[in-house]
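Here is a short briefing on one protein chain. Look over the sequence and the structure first, then read the points below.

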Amino acid sequence: MAVLPIKFTKTKRDKLAQVLWVLNWISVVTGIILFSLGIFLKVEINKRQDLMAMSQLQSVPNMLIAVGLIACVINFLGGKICYDCVDTNKFLRWKLVMLPYIICTFFFTLSVLVGALMCYSMHGQLEEALTLGLRDAMRYYKDTDTPGRCFLKRTVDQLQIQFQCCGNEGYRDWFQIQWVSNRYLDMSQREVVDRLRSNVEGKYLMDGVPFSCCNVNSPRPCIQYQITNNSAHFNYDFHTEELNLWMKGCRQALRDYYTNIMHSVGLTVLIIWLFELSVLTGVRYLQTSLENVLRQGDPECESDGWLLENSFVETARSNFNIIKHLGKFNQINISSNGDPNIDKPPTAHYGPDNVPPKPLPMAS
């Protein structure tokens, strides 16, 4: 029994072909949108690639770019097919092409859905990339004279000012690393030397943060050094007073930023997938209804269109049997080709010279 059969008159088939022609051209536009979303996402990730560890984040924008380009090609061809299908005679030139086209479009539509799901499922990869990337960027913050790292101080400062954040998880992350280069430390001061000697790794650690962590909205001048020393500042208690620093960690700020982008892109791709699926359904109805017209031999007659000629179970069983028989056929061919003595006559061996013996004379 056919799945979701619908009867089509000649007028309905023509209208369906015309509507699908328009929808395929709209799908070309959606392909351009997918391509643009991929480019946008790639640019946003590359903007802050210095703050992210090497990961598979580029796989999502690369897939959207590829799917967008394929969508333009497939839907352009689909528009041409649907335009010719208004005339039953022109349909004959596409008759053998339409079923492979529908199968390819089905897998393409499936890839669009995969792209949408990837946008929603990359949260874990984003979290790991930001954690490791920000940790390394903060570690190399002081290396302003080292080639390949001299730009990281500016990058981190711009990040903390733009996103109003401080450190990886919070401002205390700066207490655990040396973020001031030794060239700017006065080794003649005993306090500096004692601080360096007190650390096992010889690092100059202090309870201070870079200037970019300062909250510009605070009425009090920024306290960025000796943050945990109450006696170093007048009328100050870091336990009770709200610090004039950005309290949110930069990992959370960037994670929220990219998560919002991913969810917006994922929702757009999901809507495009539903649209592509509806177009594919219409093309399938058009193809089956026109094939039934050819079977009846009357271009003006009514014809049935359907999604599947048999039920889902029967179609799946039939396809499985076809694949199974193809596998057996390949096994037979491989086994036949693997034995060089099959279907070959035996070779006679007459001796070292390979010369047949002379026949004995017959007695008279």
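Start with N235: its relative accessibility is 63%, above the 50% cut-off, so N235 counts as exposed. N235 sits in the loop between α7 and α8. The model is predicted. The points below go from this loop to another loop, then to the helices and the whole chain.

- Phi of N235 is near 50°, which is a positive value in a residue other than glycine.
- Most residues other than glycine have a negative phi.
- Q164 also has a phi near 50°, again positive in a residue other than glycine.
- Q164 lies in the loop between α6 and α7.
- Is Q164 buried, exposed or partly exposed? Its relative accessible area is 40%, between the cut-offs of 20% and 50%, so Q164 is partly exposed.
- Q224 belongs to the loop between α7 (190-198) and α8.
- Q224 has 17% relative accessibility, under the 20% cut-off, so Q224 counts as buried.
- Which residues does Q224 touch, leaving aside its neighbours within four places in sequence? They are D207, G208, V209, P210, F211 and C214.

**Helix α6**

- Helix α6 covers residues 152-162 and has the highest mean pLDDT among the elements of the protein chain, at 94.
- Its buried residues are L152, T155, V156, D157, L159 and Q160.
- In an α-helix there are 3.6 residues a turn, so residues three or four places apart point the same way.
- The buried residues of α6 pack against α5 (123-139) and α8 (250-296).
- After α6 comes Q164, the residue with the positive phi.

**Two helix pairs**

- A packed pair of helices is described by the angle between the axes and the distance between them.
- Helix α1 (residues 10-47) and helix α2 (residues 59-84) cross at roughly 165°, and their axes come within 7 Å.
- That angle is over 145 degrees, so α1 is roughly antiparallel to α2.
- The crossing of α1 and α2 is left-handed.
- What kinds of residues make up the contact of α1 with α2? There are 22 nonpolar, nine polar and one charged.
- Helix α4 (residues 95-121) packs with α8 at an angle of about 165°, with the axes 9 Å apart.
- This angle makes α4 roughly antiparallel to α8.
- α4 passes α8 in a left-handed crossing.
- The contact of α4 with α8 has 21 nonpolar, six polar and four charged residues.

**The whole chain**

- How many helices and strands does the protein chain have? It has nine helices and two strands.
- Along the sequence, their pattern is β-α-α-α-α-α-α-α-α-β-α.
- The protein chain has 364 residues, and 39% of them count as buried.
- Of the contacts in the protein chain with a separation of 6 or more, 72% come from residues 24 or more positions apart.

**Confidence**

- The mean pLDDT of the protein chain is 83. A value of 70 or more is reached by 83% of its residues.
- Helix α9 (residues 312-338) has the lowest mean pLDDT among the elements, at 61.
- Where pLDDT is low, the predicted coordinates should not be read in detail.

Technical notes. Residues numbered from 1 in each chain as written. Predicted model: local features only at pLDDT ≥ 70, side-chain atom pairs only at ≥ 80, totals over all residues. Heavy atoms only, no water. pLDDT = per-residue confidence, 0-100. Helix = DSSP H or I, 4+ residues; strand = E, 2+ residues; numbered from the N terminus. Buried < 20%, exposed > 50% of the residue type's maximum accessible area, 1.4 Å probe, protein only. Contact = heavy atoms within 4.5 Å. Axes fitted to C-alpha atoms, helices over the stretch in contact; angles between N-to-C directions. Parallel < 35°, antiparallel > 145°, perpendicular 65-115°, else oblique. Left-handed = near helix turned anticlockwise from the far one by under 90°. Nonpolar A, V, L, I, M, F, W, Y, C, P; charged D, E, K, R; others polar.
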